[in-house]
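Please look through the sequence and the structure below before reading on. The paragraphs that follow go through the chains one part at a time.

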Amino acid sequence: MVEIKLIMTNKLGLHARPAAEFTKLAARFKSKITLEGNGKTADAKSLLMILTMGIRQGGELTVKADGPDEIESIEALKNLVEGWLKEG
Amino acid sequence: MVGIVIVSHSMKLAEGVKDLAEQMADQQLKIIAAGGMEDGGIGTDAMKICRALQAANSADGVVVLADLGSAILSAQTAMELLDEEYGSLISIADAPIVEGAISAAIQASIGGTLTEVIHAAEEARGLLKL
């Protein structure tokens, strides 16, 4: 299993459109991918579960991947999130 | 890819839900709005829904999201009219129309099956906002 921690420094946290991007990207991988944050856990392949986490600005997000492509999946998701953080 | 039809009493509401879901969905995804009556008034029209179902259909099936009351009845009438052609390829999700449509659109975009897309839409029933 691989995991990374990210701080959502962007203005809106993990709101609907980014959550949709995250879900779509996570679904491309075979590994089981979960998100933890705000005291909640979500299946990264379920948009609604991510939205119910309510990750706001400054919130910490842990991404865990377990499976055959865990390294690639974490790398791809990290790049996606870092892209948003750069945008602010 | 599973198609999606939005059935509402209001044309504007159906179009709005479609626009919102399309923002997050794959460009290939077919989301068809079937809101209001033929003349643009408030109501639901089984024939309009029929055409929407035909337009949304691919070999993978169609999921219907509907607002209230007769929207469901009109959608069922439309499904009966198309039963010979499509049979179990069309299904109504028992879900709130906005959240359900967005969730369904994402699941369909990532290649979900008809059953998976319905499940994703129905997950929205348990969505807490606060």
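Predicted model: local features only at pLDDT ≥ 70, side-chain atom pairs only at ≥ 80, totals over all residues.

One residue shows where the strands meet: B:V7 has B:A34, in β2(B), as its bridge partner.

The two strands belong to an open sheet of 4 strands in chain B, with the order β2-β1-β3-β4 and parallel pairing. The edges of the sheet are β2 (31-35) and β4 of chain B; each has a single partner strand, so one side of each is left without a neighbour in the sheet. On average, neighbouring strands of this sheet are turned by 20° against each other, direction ignored.

Helices pack on this sheet. Helix α1 (residues 11-24) of chain B touches β1 and β2 of chain B, and its direction makes about 165° with that of β2(B). Another helix, α5(B), also packs on the sheet and touches β1, β2 and β3 of chain B. The direction of α5(B) makes about 170° with that of β1(B).

In soluble globular proteins, nonpolar side chains tend to be buried together. Here the largest nonpolar core has 70 residues, and B:I4, B:V5, B:I6 and B:L65 touch the most other members. The element that gives the most to this core is α5(B), with 7 residues. To see the surroundings of one member, take B:I6: leaving out residues up to four places away in sequence, the residues that B:I6 touches include B:A14, B:V17, B:A34, B:L65, B:I97 and B:A101.

Which residues of helix α6 (residues 114-123) of chain B are buried? They are B:V117, B:I118, B:A120, B:A121 and B:E123. The cover over these buried residues includes β3 (62-66), β4 (90-92) and α5 (97-109) of chain B, together with α2 (47-53) of chain A.

Chain A can be taken next. It has 3 helices and 4 strands, and along the sequence they follow the pattern β-α-β-β-α-β-α. Along its principal axes, the C-alpha trace of chain A spans about 35 × 25 × 20 Å. A compact globule of 88 residues would have a radius of gyration near 12 Å, and chain A, with 11 Å, agrees with this. Of the 88 residues of chain A, 40% count as buried. Among contacts in chain A between residues at least 6 apart in sequence, 70% join residues at least 24 apart.

One residue of chain A has a backbone angle to look at. A:N38 lies in the loop between β2 (32-37) and β3 (40-43) of chain A. Its phi is near 55°, a positive value in a residue other than glycine. A:N38 has 17 other C-beta atoms within 10 Å, and therefore counts as partly exposed.

How many residues does each chain bring to the contact between them? Chain B brings 12 residues and chain A brings 10 residues. On the side of chain B that touches chain A, the elements giving two or more residues are α1 and α5 of chain B. Of these, α5(B) gives the most, with 5 residues. By type, the residues on this side of chain B divide into 7 nonpolar, 3 polar and 2 charged.

Note on methods. Residues numbered from 1 in each chain as written. Chains lettered and ligands numbered in written order. Buried ≥ 20, exposed ≤ 12 C-beta atoms within 10 Å, placed from the backbone. Contact = placed C-beta atoms within 7 Å. Pairing = 2+ DSSP bridges. Axes fitted to C-alpha atoms, helices over the stretch in contact; angles between N-to-C directions. Nonpolar A, V, L, I, M, F, W, Y, C, P; charged D, E, K, R; others polar. Rg over C-alpha atoms; globule rule 2.2 N^0.38 Å. Core = buried A, V, L, I, M, F, W, Y, C linked by C-beta atoms within 7 Å.
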